[in-house]
Amino acid sequence: MSQVNDFAFKIATANGTGSASANGLIMQAIFRMGVPVTGKNVFPSNIQGLPTWYEIRVNHRGYTGRTSRFDLMVALNPATYAKDIAEVQSGGWLLYDSTWPLEASLRRDDVQYLGVPLAAMCNEAFGGVRERILMKNIAYAGVLAALLAIDLDEIRGLIREKYGKKPALIASNDRALALGYDYAQAHFACPLPVRLERMDATKGRILIDGNTAAGLGAVYAGATVGAWYPITPSTSLMEAFRAFCERYRVDPETGRKRFAIMQAEDELAAIGMVLGASWAGARAFTPTSGPGISLMAEFVGFAYYAEVPAVIADVQRAGPSTGLPTRTQQCDLLLCAYASHGDTRHLCVYPADPREAFEMMVQAFDLADRYQAPVFFMSDLDIGMNDWMVPELTWDASYRPDRGKVLTPAQLDGMKVFHRYLDTDGDGITARTLPGEHPKGAYFTRGSGHNRFGAYTEDPDEYQDVMERLARKIQRAADAVPAPAVQPADTTTRLGLITIGSCHAACVEALDALAEQGIALDYLRVRGFPFADSIRQFVDAHDTVFVVEQNRDAQLRSLLMIETGAPRDRFVSVTHYSGFPISAQHVTAGVRARLERHA
Amino acid sequence: MTYLPKPRVQHPALTTNAIGLTRRDYEGALTTLCAGCGHDSVTAAIVQAFWELSVPPHTVGKLSGIGCSSKTPAYFLREAHGFNSVHGRMPSVATGAGLANSALALIGVSGDGDSLSIGLGQFAHAIRRNVNLLYLLENNGVYGLTKGQFSASADRGSKSKKGESNEMEPIDPVLVALTLGATFVARSFSGDKAQLVPLIKAGLAHQGFAFIDIISPCVTFNDHEGSTKSYAYTREHQVEVVHADFIPRREAIEAEQPADALTSVVLHDGSTLRLRRVADDYDPADRDRAYAAIRERQQHGEVLTGLLHVATGARDMAGQQQLPEMPLYQVPYDVLCPGADALAQLQRRYR
């Protein structure tokens, strides 16, 4: 098992012990060695005590999907020893805290055990309970540096960047790092066959999580009002927006803030605030997760019917109900596409990674303004809360927000009369006005039946006239939402694979693996809703289309059937809904199993 | 029927206000409420108040939730943008609108069904935030559009039209508002325009959340014998404790010293509230005593009206949020976007 720059390891600890910063340190040091790396934080819905894991995958080819094969396990939580030891690949290694003996029943013959007395060493070296616990994390980082040949200078450099103004902290971190590193060098044959070597494959790339990127996207889109109710896993999106606004949007002269963030009493109010702010002319958004979408549904239908822009970021987590709040899924695809009672249909964008999260957040605001409609930004916990290696974010300085048809006071001056829902351009999109600007601009925004002039109506023809236009308007957006990403196979094939969002990383890796096994598949990734015609064309061009997604009920397949009208037997589902991110192995196995069954 | 415009016949004798508008210019579409509905009187008082204040109608945002009362924004200020939202959630829409455009004058019209059931949370939180909003609660103790069910403000022992007696304690929005620290709390009666118009004017001038609970009888479902929200009952049991006269900034304040029962409150915009204590023992500046007095008199079947509590100086939502003078929605994009260089620089921390 010699795998230079191609292996994975997993760190098992207890929640609240401060391991996150050590794990981040390890990952970033590997990244700075020029080696592609991905981290997946598998954490509990808990503040302190429950088991938590951090998975780090190193891959010289740049694959960033989750892997379920771990070469090395850092087992520091006795509560999960048995499970963690069982997960190590045959021939792999297990690092544990040998301050306490390991039960004989936990021994495996095909795994090498590396015992390091982490607690004993740290108890001796540090005073104070908290410091001892925290430094144990840095000590295991030192052990890993020795075992995996992580450049110590990179770790030391990161510690200095992080604690630049706290020399005492730098000293204890250095000490803990050396404790682990020296012990490993003295007791084990370092480095292990699974190890790192410097590469040059991370240039022009960054390590960032999707919620941070999306929060930054909202700043760049010119959003000024954010309303929210805290909910995992979307919370860090608003926290990122706040941090960036504090950095970029505070008037240096007056200290006044060119943004407003309102923590609402619930999601019912959060979406109401967004609609009020949009109606009054600001770019406004709310980040939430599935339970929040359920609560917002009534106002979403209002926004659809009264044509009020809104950007709703759904960082999806495993449902139904409270479900698994700290685990990932793509289980709100159907909910968001048709949220609310009555005939409604909504624009959705589906980022695949943090870079797309940044870009699509900006696009979501443009779409909301142009189509005067709610737009769902459909991320998930995996994209939102994990650090991904992605190409650097870039910004086109010539970008200007597309505010859609908003009449200015000067335009209103020149008009005889203004009617809010009159389709004068024939594109289904009617002009709106902002309150407070002009006497001729007034209209009555309502969720009750209205005619093309904006007046209340119960007349069948007048009601249907508006409903038909709304249907046309939303359908036309199919060409404006992000276009599907298509990647044809190297050879001609009648097999296709369609996926969405964060499955992308696992799918591209699986497609390569399947191609090596002689199975060629054309690939399409859905990036926006309503679906572009090219999606139906892709389906029609293949005998079998595998649909890979992360939910139980094959919601993407349902959407494809409803929206493209393609026959059900054309689609073969490969679903994954454990709450962990999907792996390439799962996709490959799913595709192979179906092909073998039909062979 | 609300699409039927009201005939705009301008009688030459109609008086104009300081900006040259007549009362007609402050009206809206024809009402579709029942003849004699208290809400129509409130609408008339709103028209009168805005006209007297010479507010340009288009500078106002008028919002509501769902119910009979929430239909009324269609019936006044036709040149103001309206937002008839969903049940009980007008406060959140007003909050968002106020964040985006702090220069917009916001008036929210709600009812007891809208504010005291699903809307109780948003009502409370709008008070907490001190949203700069005039909030009118047209209170009739009954659900009209669904034909006569009790609302949460129905008094214990009050009888429905079908003869059922309400056995539950009412939610009194005035007491709720006082408890939560609202800075302007009033109660009035749709049938008392002389009291209501100055209250509306004062509420508009008040910086922050101004709340007026208005007993506004439902002639169809709650105006019978045994109802405690009928015209007859309210006329009989209403006791005005503090009468507010509103004096706009530009009008000269008479030099005479206020008498014992007369106090003045200067509002943020420079206008003055002259409060005439009708009851000797009532002090609208003292929140706790006001609360106690209202509770005590309630037990004797009296409905205290007037400006029950007013406190100035509290920071409103825009102040709490440290918003700039320029409404957020007008801040130019170039100022909002950090730009390409900042993005490149920022990303150093992600390497």
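Let's start with Thr445(A), which stands opposite Phe83(B) in strand S2(B). That strand covers residues 81-84 of chain B, and S18(A) pairs with S2(B) in the parallel sense over three bridges. Pairing here has a cut-off: DSSP must find at least two bridges between two strands. The elements are DSSP runs too, numbered from the N terminus: helices are H or I with at least four residues, strands are E with at least two.

A word on the source. This is a predicted model, where local features need pLDDT of at least 70, side-chain atom pairs count only at pLDDT 80 or more, and totals for chains, interfaces and linings use all residues. Residues are numbered from 1 along each chain as its sequence is written, while chains are lettered from A and ligands numbered from 1 in the order in which they are written.

Now the interface. How many residues of chain A are in contact with chain B? The count is 58 residues of chain A, in contact with 50 residues of chain B. Contact means that the C-beta atoms, placed from the backbone, lie within 7 Å. Several elements of chain A each supply at least two residues to this side, among them strand S9 (205-209), helix H7 (210-220), helix H10 (290-306) and strand S18 (444-446). H9(A) gives the largest share, nine residues. By class, this side of chain A has 34 nonpolar, 13 polar and eleven charged residues. For the classes, Ala, Val, Leu, Ile, Met, Phe, Trp, Tyr, Cys and Pro count as nonpolar, Asp, Glu, Lys and Arg as charged, and the others, Gly among them, as polar.

Next, a helix pair in chain B. The axes of H3(B), residues 90-100, and H5(B), residues 120-129, come within 8 Å and cross at roughly 30 degrees. H3(B) and H5(B) are therefore roughly parallel to each other. The cut-offs: under 35 degrees is roughly parallel, over 145 roughly antiparallel, 65 to 115 roughly perpendicular, and the rest oblique. Axes are lines fitted to C-alpha atoms, for helices over the stretch in contact, and angles run from 0 to 180 degrees between N-to-C directions. H3(B) contributes Pro91(B), Ser92(B), Ala94(B) and Thr95(B) to the contact; H5(B) contributes Gln122(B), Phe123(B), His125(B), Ala126(B) and Arg129(B). That makes four nonpolar, four polar and one charged residues.

On to the layout of chain A. Its domains are domain 1 (3-202), domain 2 (208-391), domain 3 (409-479) and domain 4 (485-598). These bounds come from an automatic or database domain assignment. Between domain 3 and domain 4 of chain A, the C-alpha centres lie 40 Å apart.

Take the open sheet of five strands in chain A. The order is S19-S21-S20-S23-S24, with mixed pairing. S19 (485-487) and S24 (571-575) of chain A are the edge strands, each pairing on one side only. On average, neighbouring strands are turned by 20 degrees against each other, direction ignored. S19(A) runs antiparallel to S21(A), residues 522-526, with three bridges. There, Val486(A) stands opposite Leu524(A). Helix H17(A), residues 533-540, packs on the sheet and touches S19, S20, S21 and S23 of chain A. The direction of H17(A) makes about 150 degrees with that of S21(A). Helix H18(A), residues 555-564, also packs on this sheet, with its direction at about 135 degrees to that of S23(A).

Now S2(A), residues 6-14. Is this strand enclosed or open? Seven of its nine residues are buried, so S2(A) is largely enclosed by the rest of the structure. Buried means 20 or more other C-beta atoms within 10 Å of the residue's own, exposed means 12 or fewer, and partly exposed is in between, with C-beta atoms placed from the backbone. Nine bridges join S2(A) to S4(A), residues 51-59, and the two run antiparallel. Ile11(A) has Tyr54(A) as its bridge partner there. S2(A) runs parallel to S5(A), residues 70-75, over four bridges. Here Phe9(A) partners Leu72(A).

Last, the backbone. Most residues other than glycine have a negative phi, and most peptide bonds are trans. Cys190(A) to Pro191(A) is cis, with omega near -10 degrees. Thr232(A) and Pro233(A) are also joined by a cis peptide bond, with omega about 5 degrees. Glu307(A), not a glycine, has a positive phi of about 65 degrees. Glu307(A) is buried, with 22 other C-beta atoms within 10 Å. Ser340(A) has a positive phi of about 95 degrees. Ser340(A) is buried as well, with 20 other C-beta atoms within 10 Å.

Note on methods:
Two residues are in contact if their C-beta atoms, placed from the backbone, lie within 7 Å.
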